[in-house]
Amino acid sequence: MRYVLLVILVALAVVLVLHLARGGEAGPLAASGARLDEAKQAALGALLREVEAALGAFADERGGYPADLAELVPGHLRAAGLLVDPWGTPLRLERDGDAAALASAGPDRVPGSGDDIRRSL
């Protein structure tokens with residue numbers, strides 16, 4: 001009876017090795033996670049377009065972009081929640097000389113990493 005747990009663990013290890021050896025295809029949970037990320041990417045596109053339009057209207061009225069995106073609420077955006085990407089990270093207004101971009105930290109939620117999503121303004 002005391003070796004039952006050991007036998008179960010060895011059996012699970014064998015099953016795992018066999019699964020990985022034949023390619024270990026992603027299961028339904030991983031596939032649904034990928035679909036969720038695709039949906040978030042699509043939602044981000046719509047969100048960036050809306051914030052971009054608000055930034056354009058702000059710049060037309062005041063001659064430039066705001067120092068902080070929060071200045072868009074409530075005059076140009078209806079809610080501060082529109083300044084947060086689908087992964088829960090605040091959008092950023094990045095400036096480089098005369099150039100500006102609206103940016104999301106992307107799926108990893110880390111600003112400045114390789115998966116950031118930017119839209120030039």
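**Notes on the core and the salt bridges**

1. Leaving out neighbours within four places in sequence, Leu-55 is in contact (heavy atoms within 4.5 Å) with Tyr-65, Pro-66, Leu-69, Leu-72, Leu-93, Leu-102 and Leu-121. Before going on: this is a predicted model, where local features need pLDDT of at least 70, side-chain atom pairs count only at pLDDT 80 or more, and totals for chains, interfaces and linings use all residues. Residues are numbered from 1 along each chain as its sequence is written, and side-chain values use heavy atoms, with hydrogens and water left out.

2. Leu-55 also turns up in the largest nonpolar core, which has 17 residues. A core here is a set of buried Ala, Val, Leu, Ile, Met, Phe, Trp, Tyr and Cys residues joined through side-chain atoms within 4.5 Å; buried means under 20% relative accessible area, exposed over 50%, partly exposed in between (1.4 Å probe, protein chains only). The members touching the most others are Val-51, Leu-55, Leu-69, Leu-72, Leu-77, Leu-91 and Leu-102. Helices (H or I, at least four residues) and strands (E, at least two) are DSSP runs, numbered from the N terminus.

3. On to the charges: the whole structure has 6 salt bridges, each being a side-chain nitrogen of Lys or Arg within 4 Å of a carboxyl oxygen of Asp or Glu. One of them pairs Glu-52 with Arg-119, with 3.4 Å between the closest N and O atoms. That pair links distant parts of the chain, 67 residues apart: Glu-52 sits in helix α2 (residues 28–62) and Arg-119 in strand β3 (residues 117–120). Glu-52 is partly exposed at 26% relative accessibility, and Arg-119 is partly exposed at 24%.

4. What does Asp-116 pair with at 3.2 Å? The partner is Arg-92. This pair also links distant parts of the chain, with Asp-116 in the loop between β2 (99–104) and β3, and Arg-92 in strand β1 (residues 92–96), 24 residues apart. Both residues are buried, Asp-116 at a relative accessible area of 12%.

5. Asp-116 has another salt bridge, to Arg-118, with the closest N and O atoms 3.5 Å apart. Arg-118 counts as partly exposed because its relative accessible area is 45%. Shared partners join Arg-92, Glu-94, Asp-116 and Arg-118 into one network of salt bridges.

6. Last, a loop residue: Thr-89 lies between α2 and β1. Thr-89 counts as buried because its relative accessible area is 10%. Not counting residues up to four places away in sequence, Thr-89 touches Leu-83, Val-84, Ala-105 and Arg-109.
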